[in-house]
Amino acid sequence: MYEFTYHRPGSVADAVKLLADPDARAMSGGMTLIPTLKQRLARPTAVVDLSGIGELKGITVSGGTVKIGGMTTHATVASSADVAKAIPALAKLAAHIGDAQVRNRGTMGGSVANHDPAADYPGAVLALGATVHTNTRAIAADDFFNGMFSTALEPGEIVTAISFPVPEKAAYVKFPNPASRYAMVGVFVAKGPAGVRVAVTGAGANGVFRHAAMEAALAKNWSAAALDGVTTPVDDLNGDIHASKEYRAHLIGVMAKRAVAAAG
Amino acid sequence: MPQVSLKVNGKPVTAEVEGRTLLVDLLRETLRLTGTHVGCDTSQCGACVVHIDGESVKACTILAVQVQGSDVLTIEGLAAADGTLHPMQEAFREYHALQCGFCTPGMVMSAIDLVKKNPKGLSEQEIREGLEGNLCRCTGYHNIVKAIDAAQQVMHGKVKELPRAAE
Ligand SMILES: Cc1cc2nc3c(=O)[nH]c(=O)nc-3n(C[C@H](O)[C@H](O)[C@H](O)COP(=O)(O)OP(=O)(O)OC[C@H]3O[C@@H](n4cnc5c(N)ncnc54)[C@H](O)[C@@H]3O)c2cc1C
Ligand code: FES
Ligand code: FES
């Protein structure tokens, strides 16, 4: 790791001031950032640890919306009785991210801001039609993710919370990479205030995406059988040593059917 | 250089570190607590697991400055002052849950957190899934799972003495 100055501000306002330096980087759980620093793939002059900011933590449920602070760990989401009651698919997703030690540190804000193409949360954010709140604005999920490891966030902008409208039905099924547990393909299906939405993570060359053909089929008939014959063009899919584009296209169909069946 | 103050195995410690110093390096290099191992560079093997304020964490993926004010428990802090092993350590010995022993400190620390978080008890499948973050290259996991199953019975007060392994 290259040397850097460590800061632990106590408020979003102080963090924003520190992050005005273009060479400073925010850190939440550090489960992605620290391995990146260890491999010398990044060289920030300052690391701004957000973990001391109380206003970034916690889960509130009100008026059909679940709002989760950016600094909330995967373990907290996974074990929250409120989340399990309102959006069980989200609690279950969180319980299957990486391993227990990663879940004890890794956060929703860090995962969403990072937009790893194999990460799980982006699927939930997009399929549930969530809103990403930052220190300056609220961004609709459809406008947030814009390419692999890329989002609508401006430099120095902090994800403060994410609010999810409670769906009528939802489920997430992933085919995990056997070594890392990241999604080789993950499909989140939801029917709710934002309509019928299907988001695919792990497979897209540009990160998470909505599956228009599956959404149309499920809007007409919400059943696994409705997805028979609905295919995924391979052009924009990711192919690598773990799975070819064609295999990922096949897995999208299988995971989507399992998800619809699980959502009931 | 930043200073960090914390408790390690119940004892207050203050040390000078760099911003980039990992907790595992503070433990191993500065405090000479070499029971916490480093097995990978990718945050995947779990040989470095310690408890921070009661939660299992990979000490290779957290900065020393991040644990300012925390309570850190390492494998060296588990046994009682008179040398009596923690039930999880005792179970690993009884069930032959180690061969080379490299993964063992991390396995034991992860297993204790896993058992504590599941007071209703864990099935064999749940134990296996709970060890997702710990790799062992020797044992094939089988005896590790048996040891954790035996230890959970002692830790939850279901039995007074550790069930003996079959001869
Ligand atoms: C072994 C292992 C297995 C894993 N398996 C999975 C898996 O199966 N599924 C999965 O989804 N993920 C997985 N992860 C990733 C994990 O979920 C990370 O916790 C997550 O991707 C990043 O969250 P973090 O809080 O650790 O972010 P950090 O590492 O702290 O930050 C990540 C990036 O986001 C930026 N950032 C952080 N917080 C904010 C914020 N609030 N606002 C703006 N920018 C911010 C940082 O500057 C950095 O660039 C795994 C990680 C490891 C090490
Ligand atoms: S050394 Fe920490 S996970 Fe491998
Ligand atoms: S006993 Fe050798 S790695 Fe587990």
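Reply: Let's start on a strand: Phe175(A) has Val185(A), in β10(A), as its bridge partner. This is a predicted model, so local features need pLDDT of at least 70 and side-chain atom pairs count only at pLDDT 80 or more, while totals for chains, interfaces and linings use all residues. As for bookkeeping, residues are numbered from 1 along each chain as its sequence is written, chains are lettered from A and ligands numbered from 1 in the order written, and side-chain values use heavy atoms, with hydrogens and water left out.

The strands in question are β9 (residues 169–176) and β10 (residues 183–192) of chain A, which pair antiparallel over eight bridges. Strands here are DSSP runs of E, at least two residues long, and helices are runs of H or I, at least four, both numbered from the N terminus; two strands pair if DSSP finds at least two bridges between them. In a regular strand the side chains alternate between the two faces of the sheet.

Now for the turn. Six residues sit between β9(A) and β10(A) in this hairpin, and Arg181(A) there has a positive phi near 75 degrees. Arg181(A) also reaches the other chain: its side chain makes a salt bridge with that of Glu132(B), 3.3 Å from N to O. (The rule for a salt bridge: a side-chain nitrogen of Lys or Arg within 4 Å of a carboxyl oxygen of Asp or Glu.)

That takes us to the interface of chain A and chain B, where the rule finds four salt bridges. Nine residue pairs are in polar contact across it, both residues at pLDDT 80 or more. (That is a pair of N or O atoms within 3.5 Å; within protein, one must be able to donate a hydrogen and the other to accept it, and residues adjacent in sequence count only if both atoms are side-chain atoms.) On the chain A side, the elements giving two or more residues are α2 (33–38) and α6 (100–105), and α6(A) gives the most, with four. Sorted by class, that side has eleven nonpolar, five polar and six charged residues. (Nonpolar covers Ala, Val, Leu, Ile, Met, Phe, Trp, Tyr, Cys and Pro; charged covers Asp, Glu, Lys and Arg; the others, Gly among them, are polar.)

How much is buried? Between them, chain A and chain B bury about 2000 Å², 53% of it on carbon and sulfur atoms. (Buried area is the accessible area, with a 1.4 Å probe, that two parts lose on being put together, summed over both.) In chain A, Lys38(A), Gln101(A) and Arg105(A) lose the most area to chain B, together 29% of what that side buries. The contact, meaning heavy atoms within 4.5 Å, takes 22 residues from chain A and 24 residues from chain B.

On to the partner chain. Its domain assignment, automatic or from a database, gives domain 1 (3–77) and domain 2 (87–155) of chain B. His37(B), His51(B) and Ile75(B) supply 39% of the area that domain 1 of chain B buries against domain 2 of chain B, more than any other three residues. The rule finds one salt bridge across this interface.
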